[in-house]
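I am keeping these entries as I go through the chains one at a time. Each entry notes what I looked up and what I found.

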Amino acid sequence: MAKYGFLIDASRCIDCRACLVACSVENNVPMKSTRIWIKDSGVTGEFPNLERYTAPFHCMHCIDPSCVSACTVGALQKNEDGIITYDNEACIGCRYCMYACPFEVPHFEWSKQFALITKCDLCVSRLAEGQKEPACAATCPTDAIQFGSRGDMLAMAHERIRSQPERYVEHIFGEHENGGTSTFYISPVSFDQLGFPTAETTDSPAHFNRIATEEGTPIIAAGAAIGMTGIYLALEHNGKKQAVRKTEHAEDKHDTAGKE
Amino acid sequence: MTKTISRRDFLKLGAASVGAFAVGQMLPPMVAKAAKESGLINAAGNGYISTMCEMCVWRCGVIAKIVEGRVVKLDGNPEHPHSRGNLCPRGQSGLMNTYDPDRVLTPLIRVGKRGEGKFRQASWEEALDLVASKMTEIKTKYGAEAMVFSSTHNLSQPLFENLLYAFGSPNYGTQRSLCFNAMIVANTMTYGMEEPARIYDDKLKYILLTGRNLFEAISTSETSDLSRAIDRGAKVVYLDPRYTKTASKATEWLPIKPGNDLAFHLALLNVIIGEKLYNRAFVEKNTIGFDELKKEVSKYTPDWAAPLTGIPAETITRIAHEFADAAPHALAHNGWRTSNFINSFHTQRAITILNALIGNWDVVLTEAGGEESGKLGAPSQPPYPRVSALRLDGVPWKYPVVPFKIGVFQEMRDNIVSGEPYQAHGWFISRQNPVMSLPDREKTLKAFAKLDFIVTVDIILNDTAWFSDVVLPEASYLERYDPLLPFGDKAFLRQPVIEPQGEAKSALWIYKQLGERLGLGDYFQYTDEEDYLRQQLAPLGVSLEEVKTKGYAESPETPHAGESAEKSWNTPSGKIELFSDTLAKVGFSGVPTWEEPPQPAEDQFYLLTGKVAQSTQFGTQNNQLLNKYSDEPRMWINTQVAAKLDLATDDWVEVTSEVGQIHIPVLVTQAIRSDCVFMTPGYGHLSKGLTTAFGIGASDSVLHVTYTDPISGGQALSQTFVTVKKVDDASSAETLKPLYLGE
Amino acid sequence: MALNIKVKSIKVLEGLPRFVYILAVIAALGMSAGLYRLYAGLNDTTNLSTVFPWGLWISFDLTNVAFSGAAFTLSMLVYIFHMHDLHAAVRPTVLFGLLGYSSVLVILFFDLGRWDRFWHFLVYPNLSSALFEVSWCIAIYSGILTFEFLPIILDKFKNAKISKFVEKITVGMVIAGITLSSMHQSSLGSLFVIQIHRLHPLWYSMMQPEFFLVSSMAAGISTIIIGSYVSIWMFKQTLSEKIIEKLGSFVPWIFGLYLLMKLGDLILGSKLELLFTSGILSVLYVAELLLTLAAIIWFSIKKLRSTRKNAVNGALIIAAGIVLNRFDVTWFAMKSLDGSFYFPSLIEIALVVGVACGLIVVYSLAAHFLPVFSETLPVKDLPSSELEVLQLTQPVAGD
């Protein structure tokens, strides 16, 4: 179902931030919010043996997104192209998605009176207009961000690592993390060094969430309802039995008394 | 209608701050009439229009998206060779320049003192009449030369030049001596052209960059080319006292001691010539002066250069070998801002010669399709009047080999102050900010004080406009036509994507209006911008409508000689001049020669300045979109040095040079030599009309001392030495916080 | 009261204890803080940020819900388990539950970015979202609590027909209430199942729903016991030691199960090592376990649970453990994206304090106008030995 994908190459990113500006303009992002930011390793090493790497970061468009699973009002949805869209008409600003997302993606309009979440939506409206790429990929002067079909981007990632092994660490971030995403990163240094969130390569947390909410809660509810009803009826019945016995005992006494 | 407005009222001219609204939302929609008539914009006010960026001089082709009469997005034009579909962050932010709430939208006439910021709005009639009358007054009283004209080169330059030359003044200031005089004059001496074009093809395997921080001083297509070259495995050797973004991508970064690029390159020449690694056939056939060169460089051994540059001799030798090995697919990049040290001219000569020695002409370097190529028409005009007055900038009487068209801007300013050889009385400035760009800001303001009349054409109340007597509002680049820009086999169009806001007008209109009032109407023989463009297009036989739709006209280049043809260069000898007689005749060294650069004292630092990708020079700091993603303008200082001075990042320091002093917070970093400090230029604005930029950072031009290279006229920006002292108080200047990180 | 405030009280409010007025003022101040937050936005009024989006308000809400579990726990004991001897506690507890959940909703209202859209959960569903389910549950459960509160109102405004109807469906409503409570108490735990990257592994567990559910019952019991003590001073009403003792007797079983579940979680989740290597968080987690164990031991000792003061101290141990646990899960054990430590702003604290005071004010007003304490034990009826212990040998002087 994931049609699109990104390949972001930290060895090519020059931290010019054209992508950041382009995104802000394309999506009318408020001045104090951002949907894309730069992950920076900072200058490491000691003069003159220095290193520095950067990479732009935005929504990973996970295959089984945590945010979509968690959103209280379903404002975050995965559309048929695999894009995680955001409905700013539904959102109530509860910020649960900020906790659900392991990639620290949803940002919030903290300064506004009526504050909403803001998140990369893969320039879904721009693509719908017929443009080939989202704003960030379209503008990048060094092709650090590339965009295309998910399969192509993943294949390109593998190919680049294969053909220049001295240039990249052997890991494609986003391939398996959080259950698999549509954004693939390759980098000359470990992703820890770039300051990437360490999302485990596991089943998606959304999967576990669904177990808890779609299986766990119904079981608890059924257990409570059935259990409480059962106990009530049993004790009611027992109580009636005891009352009957009491009455019978009293009647016996009465009878016995009468017989004397 | 004249209404006195206070600074506060004035600041409200542009309406509320952008934070609450979408960009441009608070200003009325302005559907470009011309675009509508051409069918580029539909009835609803929507469409895509092809034009050109002006956020820097690279002028990428841009496709503007218009929705209901507002520009909502800019994208790189895939068909423009400078953008190739991409835009840098400044290009992307361009619509914020147009929608900046601080835009000047009516002519302004000063009512308070200069620098108070008290202006009143005036009609164009009144303002233009006033300017014309003042200029005429100065001409009558003191001679046309008493009126100084300056402009940073832009597409309307031919008409600006008309104004000044037709007026009869010799005094033409451009920004070039603050930037690339050394490079241009060196190239002119060597190749007979200002700047050859560079070819980044698949075969290019070695690139030697001297400065030219291409990944921060972005020229979109060339930045992209360099990146691709690295991707392909080309080796990039990069000289810079700072670990810039380019350093982080380069194969090898050499933290060279400032001022000694010359020593490095002379040593390269020494090795390449000494070990006979040069392309003998090419040199014999196409160059002159080899023997003189050989003699000169024989003493510049790598061992000699090592202690001067701080680079080991083995490294220098190895690089010379690598460079020559890669020939002819090797490039010694001239760089761009080459106004660093007085010896920068010779550095540039050495670099151009390096390329010549390995014979990479027509492989890596070739003749640029300059702005004069192509067969564009022009309105007829009479010849310019003869001018006998001396130029204030010393060309050519003090600077014999500096071309007239580039001049020595800082010298012109100095002589406005000195009054020698005569006192200037007026200054006409267009699309330029000399108050911020010239070294030694105090001195520039002193120059202003000497003048009776200052008029500035600008889109916003930049510092120079702030101190002027009249401000004429130019339409921003998204709102106007400019003359066509020839590039290769095309001529590109800039056209309005929205109608100008307020009363703003194009430079073509302003210059013509002014010209007519000065009696110079014959030099502006076009009725309006479209008429001008039609006259330009006439020889090409293509209609303006067609060009508006495509964004360019096809303009066949003068066919230029391929590799097989007899090569010739526009030098006196017709060959590549390793030895320049022109230089020798006026008493300079005909070959690159060593000139010892000055050094800072024990307690001083080289003051370095350079580009960042999120701003252009001194004019974009008010752009809120760029501010949003900019780093705080702190002063870089080396970690070890900071420890000695008890400095941590965000501590404040007092920085003092011979001519000025600033307060600024520091960034403690490993990414700079211990004898250097670095500032991002362009901050510390004085104009309160820049409501976003005012109060942020400090100005480098306050500190820069004026040093001029006698050969190329280039300012030596890195020759300013400063002391740095920790101070406790944070001073009044705020620091810029990258807004998105605060949320 | 030491303060000599001459409050010109309206006749109908005569007899209302003085502290209520003071708390009302504090509540008003708290509400102003809240209104200011609505005006100025969260950035200027709270210390919440992208690195730590939930703070004191959410911690307070979850803690409040746990303690408000007193209502479902008590109704379960009384109506399902037929422990009618505990009936005296029902009205005050139901009132507390109703007000407790109301204050949760009030605080939540101020926490939402789009507080004007608080009703959206009614029309925008997401069945897999724990928060969606919690919203619905609490909404319906509030209705049930209101229903359970009806008898108190009906007592005052008598209507035989409605009273009979209410009596008939009470058990059904109670079962529904227990079901809904089980659902939302556990779903508040489910809230954290997806937060595997934010919540420290010592606390993170797929059993979080069950942890919250079980502990809420013990929390509920502590609410009733502590509440009965506090009302001695506030309303001159309390519960008999017999009731308190019986309630306390369930604690070892509830907390016993809880402790076993926690230990099982530590072992099965291979987390024992973390118990010793997580620095301050180890301390907090172990503290929770120790408080739980202490409560189990305390309430196992008959003497301790059958004496009022001792029982209250034991209840405080339970309460401390619950507060610590909810605050750990929502705050202390939550990862801040940049490692900085979140601490609430003055306005955040003011709102919480204000709402808590408001809760007490409304409670007092309800108690003043309605027969909330119709079945409880008036202080003056306490045996003298108890009065001595409470240092109340003289009848409590009127205000």
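**Entry 1: chain C**

I counted the elements first, and chain C has 16 helices and two strands. Helices (H or I, at least four residues) and strands (E, at least two) are DSSP runs, numbered from the N terminus. I note that this is a predicted model, where local features need pLDDT of at least 70, side-chain atom pairs count only at pLDDT 80 or more, and totals for chains, interfaces and linings use all residues. Residues are numbered from 1 along each chain as its sequence is written, while chains are lettered from A and ligands numbered from 1 in the order in which they are written.

Next I looked up the overall form of chain C. Along the principal axes, its C-alpha atoms fill a box of roughly 55 × 50 × 45 Å. The radius of gyration is taken over C-alpha atoms, and the globule rule is 2.2 Å times the number of residues to the power 0.38. For 399 residues a compact globule would have a radius of gyration near 21 Å, and the 22 Å of chain C agrees with that.

I then checked burial. A residue is buried if 20 or more other C-beta atoms lie within 10 Å of its own, exposed if 12 or fewer, and partly exposed in between; the C-beta atoms are placed from the backbone. By this count, 47% of the 399 residues of chain C are buried.

**Entry 2: chain C against chain A**

How many residues of chain C are in contact with chain A? I found 50 residues of chain C in contact with 50 residues of chain A. Two residues are in contact if their C-beta atoms, placed from the backbone, lie within 7 Å. Helix 7 of chain C gives the most to the side of chain C that touches chain A, with nine residues. By class, that side of chain C has 27 nonpolar, 18 polar and five charged residues. Here Ala, Val, Leu, Ile, Met, Phe, Trp, Tyr, Cys and Pro count as nonpolar, Asp, Glu, Lys and Arg as charged, and the others, Gly among them, as polar.

**Entry 3: domains**

Domain bounds come from an automatic or database domain assignment. Chain A is divided into domain 1 (4-202) and domain 2 (204-260). I read 55 Å between the C-alpha centres of these two domains of chain A. Their contact takes eight residues from domain 1 of chain A and six residues from domain 2 of chain A.

For chain B the assignment gives domain 1 (197-366) and domain 2 (605-742). The C-alpha centres of these domains of chain B lie 29 Å apart. In chain B, 17 residues of domain 1 are in contact with 21 residues of domain 2.

**Entry 4: strands of chain B**

Two strands pair if DSSP finds at least two bridges between them. Strand 17 (residues 453-458) of chain B is largely enclosed by the rest of the structure, because five of its six residues are buried. Strand 16 (residues 426-430) of chain B pairs with strand 17 of chain B in the parallel sense over five bridges. Gly426(B) has Phe453(B) in strand 17 of chain B as its bridge partner. Strand 17 of chain B also pairs with strand 18 (residues 470-473) of chain B, in the parallel sense over four bridges.

I also found an open sheet of three strands in chain B, with the order 19-20-21 and antiparallel pairing. Its edge strands are strand 19 (482-487) and strand 21 (552-554) of chain B. Strand 20 (residues 490-494) of chain B is joined to strand 21 of chain B by three bridges. Ala491(B) stands opposite Ala553(B) in strand 21 of chain B.
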